[in-house]
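Please keep the sequence and the structure in view while reading.

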Amino acid sequence: MSEVIRAELARVAAHLGVADAGFVLERPRDGGHGDLSTNLAMLLAKPLKANPRALAQKITAELQLPASVVAKTEIAGPGFINFWLAQDALHSLLATIISAGPAFGRGDAGAGQRVNVEFVSANPTGPLHVGHGRGACLGDAIAALLEWTGHAVTREFYINDAGVQIDRVIQSLWARIEQQLGRPAEIPEGGYHGQYLVELAQALVAKHPELAGLTAEQGLAFATVAPGLLRAEQEELLRDLRVVFDVWSSEKAVRDQGKVDAALALLAERGLTYHQDGALFLRTSEYGDDKDRVLRKSDGSLTYFVPDIAYHIDKHERGFERVIDVWGADHHGYIPRMRGVLRALGYGEDYFEVALVQLVKVMKGGEEVRMSKRSGEFVTLRDLVDWVGVDATRYFFLMRPGQSPFTFDVDLARKQTDENPIFYVQMAHARMSGIFRVAGRDPESATGDVKLEALPAPEDLELLKKLAVFPEVVARAAKSREPHKLTDYLEDLARLAHGWYHKCRVLGEAADTEAARLALARAARIVLANGLTLLGLSAPDRM
RNA sequence: GCGCCCGUAGCUCAGUUGGAUAGAGCAACAGCCUUCUAAGCUGUGGGUCGGAGGUUCGAUUCCUCCCGGGCGCGCCA
């Protein structure tokens, strides 16, 4: 119904001579300023050379809004026009929420748009650490937000299963196997020292007694199982975290299919490359980068940049209108060159997007859990999930914007009290369910066809209005790729729901009030459940 | 030195394309258990929005400079 008001405001603005005023119609922070508010008069003040308040008078006099939509209009402050929605409009909100049910909050802003969200993309050289976990949760939630706004989303993991790091993990594994067999062997320079390879070697030796008889060459060939096994372990953990990928892309496959050579040929053909000092350069500086970048080093080998380009070309060829890469913030310096290439290839300014994820610190027992220097072990993501569970892991990583550093408070995440935001939100859902449980009724039995006059308390209407905003919150969070806007909303909503639950008795009230409040409880339960579900969190009926 | 991010209540952080008296949680203080989960609810106190200019009817928000913190600046990945 805000569309009705928006359209009418636009009509009046056009009538006054300003066709495209660019005004906003928004929900004021302060409830005393109405349900919706516009700055139209203040924006028109300049072009029309008139006093904003006088203009507001003129505008409100011209507005033709049905009484079934707007109950009251008021001019306030420097020239805001505030609207109070009619009860009928609120009534239809409740019915809308209930009839939409699990789909309430979905939109079609991105209808038909294919988006690829690539995230985690950890090297298959070891266990995932907490930073990967943050990227996993944020990437998954951004993907879900895009789905809820109508986009066709592909969740993708890019496996860096080729190159130097892979050789090193293979060599490191073979060294650990040799050590298991009682032979002297050392982890190579730049290799992987983590305990996980010792454990892997142990398991492999137990399973394959024939390893003892292998030559070094045969052993290294055997040890090529390392990346695959480590990747599978990552996938299993992600699955436990409820992060499931549609596509696992392989750098090795990109190379093997000749896409790297094809990329080089394409760039050369477009005149984007040149030779200098025995190396091959790419003219990224002409497309926003600080300087040109090396593709082929003077020793003849390729930089890691090249397969990355090939991979991004591959994604584009698969027909996505947009790709979003979720990267660790330490890679932010890499953005201009990648954006530069894609710009040079004519993919369009909006095609390539990066969501940066900052570092994660972990606090446990009042102190920071640090990386131990000797073993090279990080706090693994598995540790974290074991400590606090999947819901808390996900929620905590989602409740702050990715681009700000985050301290994960393990002790808080474990608490079963209202101090813990995920607990608080889930508890609100459980309470709404509890009302129906006590009543011995199925929530589905509460219909939206109730009298709004039967909701006498201000808390009733406040809660209802909050529920109605949910789709806008989803749309805004999706647009800015910021899941924390949704967790913030859920905490606000939970606060109102708890307050309402406390203040407004449902069962045993007068019949029409009970019916109306049951409908409200059902609607609140729907929105809480939808928000939690969207973010990959459980919505328990009792706790 | 250059680039990016950040600086908001004692602490952790929100702040909707520039809007009205800058918010929440925690912590502190004061209340509330015959009633749908007290695993909870209500109220109070707490701020030169890092600093100084500028643009604007209006700036936490945009621009410039400075201070303070993080990260990145390879023919490494």
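The largest cavity of this predicted model has a volume of about 40 Å³. A cavity is a set of points on a 1 Å grid over the protein atoms alone where a 1.4 Å probe fits but cannot get out; grid points are joined across faces, edges and corners, and a volume is the space filled by probe spheres set on the points. The search of the whole structure finds two cavities of 30 Å³ or more.

**Basis of the values**

- In this predicted model, local features need pLDDT of at least 70 and side-chain atom pairs count only at pLDDT 80 or more, while totals for chains, interfaces and linings use all residues.
- Residues are numbered from 1 along each chain as its sequence is written, chains are lettered from A and ligands numbered from 1 in the order in which they are written, and side-chain values use heavy atoms, with hydrogens and water left out.

**Cavities**

- Arg339, Leu342, Arg343, Gly348, Glu349 and Phe352 line the largest cavity; lining residues have an atom within 4 Å of a point.
- Helix H13 (residues 335-344) gives the most to that lining, with three residues; helices (H or I, at least four residues) and strands (E, at least two) are DSSP runs, numbered from the N terminus.
- Two of the residues lining the largest cavity are nonpolar, one is polar and three are charged, where Ala, Val, Leu, Ile, Met, Phe, Trp, Tyr, Cys and Pro count as nonpolar, Asp, Glu, Lys and Arg as charged, and the others, Gly among them, as polar.
- The second largest cavity holds about 30 Å³ of space, and its lining includes Leu272, Tyr287 and Val341.
- H13 also gives the largest share of the lining of the second largest cavity, three residues.

**Helix H13**

- Seven of the 10 residues of H13 are buried, meaning under 20% relative accessible area, with exposed over 50% and partly exposed in between (1.4 Å probe, protein chains only).
- Among the buried residues of H13 are Ile335, Arg337 and Met338.
- Helix H11 (259-269), helix H12 (305-317) and strand E11 (322-328) are among the elements that cover the buried residues of H13.
- Gly346, which follows H13, has a positive phi near 80°.

**Second largest pocket**

- About 1600 Å³ of space lies in the second largest pocket; a pocket is an open set with protein on both sides within 12 Å along at least five of seven lines.
- Its lining has 44 residues, with Glu26, Arg27, Asp35, Val469 and Glu472 nearest its centre.
- Helix H20 (484-503) is one of the elements that give two or more residues to this lining, and the largest share, six residues, comes from H20.
- The lining of this pocket has 20 nonpolar, nine polar and 15 charged residues.
- Domain 1 (2-85) and domain 3 (417-534) each give at least three residues to the lining of this pocket; domain bounds come from an automatic or database domain assignment.

**Nonpolar cores**

- Val120, Phe397, Phe408, Leu467, Leu486 and Trp500 touch the most other members of the largest nonpolar core, which has 100 residues; such a core is a set of buried Ala, Val, Leu, Ile, Met, Phe, Trp, Tyr and Cys residues joined through side-chain atoms within 4.5 Å.
- Helix H21 (residues 511-534) gives the largest share of this core, 12 residues.
- A second, separate core of 30 residues includes Trp327, Met338, Leu342 and Val354.

Methods. Contact means heavy atoms within 4.5 Å.
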